[in-house]
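Hello,

Here is the structure you asked about. My notes on it follow below.

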Amino acid sequence: MRLLGLKTFRHGVHPPESKDETSGLAIRQFPFAPVLIVPLVQHMGKPSIPTVIEGQEVVRGQRIAKADGFMSVSMHAPASGTVRGIALVPSISGRMVPGVFIEPFPGSTQETAEGTPCPLETATPDEIVAAIQDAGVVGLGGAAFPTHVKLKIPEDKYVDTLIINGAECEPYLTTDHRVMLEQRDDLFMGIRYLRKVTGAERVIIGVEANKPDAAENLREGLPDDLPVSVEVLTVKYPQGAEKMLITALLGREVPSGGLPLDVHALCVNVATAAEIGRLLPHGRGIQERVITITGPAVKDKGNYRIPIGTPLRFLLETVGVDDDLTRVFLGGPMMGAAVSSLDISITKGTSGVTAFTETEVERTYRHEYPCIRCGYCVDACPIFLNPSQLGILAMAGEYQRMAEENNLMDCFECGSCSFVCPSHIPLVHRFRVAKTSVRRARAAGAA
Amino acid sequence: MAKLSKTLEIRTSPHVISGYSADTIMFNVVLALIPVTLFAIYAFGLAALLTLTTALGSCLLTEYVICRWSGKPSPLGDWSVAITGLLYGLILPPGLPLWMTFVGGVISVGVGKSLFGGLGYNPFNPALVGRAILQAAFPVSMTSWVQSFTPGRFLSLPSSTLTLPFTEPIYDVVTGATPLAAWKFDRELAGTGDLAVGYINGSIGETSAVLILLGGLYLVLRNMMSWRIPLAILGTVAAFSGVLHLVDASRYASPWFMLFSGGLMLGAVFMATDMVSSPMTPKGCWIYGVLIGALVVVIRVWGGMPEGVMYAILLGNALTPHIDDLVRPKVYGTSRREKSA
């Protein structure tokens, strides 16, 4: 579908973008915290197995944990220093997970250890997939799904289009924007690796129209050896959701319960692709990532290359926060998870840290009215569900019926319905509760 | 560096919401009705002022009392009952005895809204429920039309207005037929210009089509009203009556007359579009509008009454859940429609 000449999907919402304060700020290196805590669960899948012990000295970039099976990835030391222990640490999900405590050497130059390079020209697709798993690469857009799992294409499937997701539709966040401006060569190198693995005939980089400089920069540097194009998309949330992006660019619908592979597409976030291009030629692993630190409560807003494992408390103390700091969430305001503890660490899936003062938080605390059937949510849902009806069923506890008759499980929790609801019904929250309940019931039924 | 210690509030995403609120929408509907209301008072004078005040007052009072009884917090702040009260007053004949107005207001909110569970749960437009019951109970009073723009309208009241409860109202002032009744029973046609501006007889608020359309336009531009519903209703009425008019111009009135007479404008713009009792999907809105438009023409042309907007909308309201069920959009990534719930 096209709107005023730009490609897009149907439905969706227009939250205030709030990107101006950081989109013009170049990526800066964030300092090392006195202690870095690297959780061993930073991805969807099994925890990594630590390969270091307490008291051991590690070099920045050295592997400190290995993948436990296919649905897992390696972890690397974010700094040269001493392993102070391995213990349970809080995570964003509220669950305690094992984590490695590393105390960086004071005064160290923090040179990164070189690994075994994965040369683009000679490596086979399988070797590249293995190298990506070894580098600990997960989706940096926020989902943290292990990238190598996505790249393992079954025999009966093929990819004709590789989509590089530079939509960055979440308000406040500008990391992908900066990566497209500052890491163009890394990005194209990453695309070369990804194209070799997938065998895609063409590559499309989708960029929302609010980043014209990024699109322009990529277009100016398009390499001759890659069949890659840049497509500018309408500014609309959730344009960066995998399914919406595929529909916008290719006009194909990913089947319910299926994968992009079912429509011969594969989506990789720009930051993930750039990281692959940056790491693989040197055989390095992910030990840091680019995040946006922003929000009205933050003093020194900006885009930072930050060591994985930086505790949130150190992060906020370093950039400075207002006295009436009230809510901190990882990611943007539409899908970001609020943190209950400042002792959790920045992980590979953290695309940003947004801090709100009381003013912004209070704006969302509104009296909940009954559903007035205005239909705003019906016009917003990118999946074409009926959130109003699902909301009524959720209040009645009819979770099974929601899943069986009203496609509840197709909801990917973008929050558009809650955003527009004039009755301020926490729709997506109730759907999360319902989905969890249905998943549990299904798991119990299967067991 | 001071150690950061702070109590954080947690809540699930989204952490931002759009500026729209149910009470803002309702308040804007009231705003959009103000020009219509002022014109109505200008046209019918004291009688309209008293009727509107009584209608609004009885609705607000009923809502307040019922909420006190049921222990619910007073919902008067959401403006929804103000819309009901105002709309209900606007669709009454200007000389209606005030006690009838009061009874109808109690029925509108008590039966039309609260009985079904209050805001958001009423299957029918509450104002129309009140009027429909009055129409059945007091057919004569509900079809006696006080002349508009009488010289003494700001100084005196029609005697019927102050009729004591349960006594026969006496109409001392000239009563005039509405344009629709004049056409239906006497084949007299009012000028379209007078109809559009509102120099005609009729219910308090149905006279000025131009002001009603402006109010509707304001709400549509602010995305607080479905534009599809009024367009579908008015389009259907125009097309249907246009065909009839072409067949036999002496028997069937022109589409212009059909569009601008009676309660069609007020009904199509402010009544049928009530969010609670109309469909949610765009396709559903079209079906609902076409259905109401067709019913209006059928009742007006072949029915026993000169006007059919009220019954057409009530029937449309009754079908709303079925329409919504019928036109469920195809869910992304599925080839089938959602199963019927």
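In this predicted model, helix H9 (residues 228–247) of chain B packs against helix H11 (residues 264–271) of chain B, with the axes 8 Å apart and an angle of about 155 degrees between them. That angle makes H9(B) roughly antiparallel to H11(B). The crossing of H9(B) past H11(B) is right-handed. From H9(B), the residues that take part are Pro230(B), Ile233(B), Leu234(B) and Val237(B), and they meet Leu264(B), Ala268(B) and Val269(B) of H11(B). By class, this contact has 7 nonpolar residues, no polar and no charged ones.

H11(B) is largely enclosed by the rest of the structure, because 8 of its 8 residues are buried. Among them are Met265(B), Leu266(B), Gly267(B), Phe270(B) and Met271(B). The residues through which H11(B) meets H9(B), namely Leu264(B), Ala268(B) and Val269(B), are buried too.

Chain B as a whole has 13 helices and 0 strands. Its C-alpha trace spans about 85 × 50 × 35 Å along the principal axes. The radius of gyration of chain B is 22 Å, which agrees with the value near 20 Å that a compact globule of 341 residues would have. Buried residues make up 52% of chain B. Of the contacts in chain B with a separation of 6 or more, 75% are between residues 24 or more positions apart.

Chain A contains both kinds of element, with 15 helices and 19 strands. Its radius of gyration is 22 Å, close to the 22 Å that the globule rule gives for 447 residues, so chain A is as compact as a globular protein of that length. The C-alpha trace of chain A spans about 60 × 50 × 50 Å along its principal axes. In chain A, 56% of the residues count as buried, and 72% of the contacts with a separation of 6 or more join residues 24 or more positions apart.

One covered element in chain A is helix H4 (residues 175–182), where 7 of the 8 residues are buried. The buried residues of H4(A) include Asp176(A), His177(A) and Arg178(A), along with Val179(A), Met180(A) and Leu181(A).

How many residues of each chain are in contact with the other?

Most residues other than glycine have a negative phi, and most peptide bonds are trans. The exceptions noted here are these:

- Tyr237(A) and Pro238(A) are joined by a cis peptide bond with omega of about -5 degrees. Pro238(A) is in the loop between strand S13 (228–233) and helix H7 (242–250) of chain A.
- The bond from Ser13(B) to Pro14(B) is cis, with omega near 0 degrees. Pro14(B) is in the segment before helix H1 (22–44) of chain B.
- Phe384(A) is not a glycine, yet has a positive phi of about 65 degrees. Its place is the loop between helix H11 (376–380) and helix H12 (387–395) of chain A. Phe384(A) counts as partly exposed, because it has 19 C-beta neighbours inside 10 Å.
- Asn407(A), also not a glycine, has a positive phi of about 55 degrees. Asn407(A) lies in the loop between helix H13 (399–405) and helix H14 (416–420) of chain A. With 22 C-beta neighbours inside 10 Å, Asn407(A) counts as buried.

Regards

Note on methods
Residues are numbered from 1 along each chain as its sequence is written. Chains are lettered from A and ligands numbered from 1 in the order in which they are written. This is a predicted model: local features need pLDDT of at least 70, side-chain atom pairs count only at pLDDT 80 or more; totals for chains, interfaces and linings use all residues. Helices (H or I, at least four residues) and strands (E, at least two) are DSSP runs, numbered from the N terminus. The radius of gyration is taken over C-alpha atoms; the globule rule is 2.2 Å times the number of residues to the power 0.38. A residue is buried if 20 or more other C-beta atoms lie within 10 Å of its own, exposed if 12 or fewer, and partly exposed in between; C-beta atoms are placed from the backbone. Two residues are in contact if their C-beta atoms, placed from the backbone, lie within 7 Å. Axes are lines fitted to C-alpha atoms, for helices over the stretch in contact, and angles run from 0 to 180 degrees between N-to-C directions. Angles under 35 degrees count as roughly parallel, over 145 as roughly antiparallel, 65 to 115 as roughly perpendicular and the rest as oblique. A crossing is left-handed if the near helix is turned anticlockwise from the far one by less than a right angle, and right-handed if clockwise. Ala, Val, Leu, Ile, Met, Phe, Trp, Tyr, Cys and Pro count as nonpolar, Asp, Glu, Lys and Arg as charged, and the others, Gly among them, as polar.
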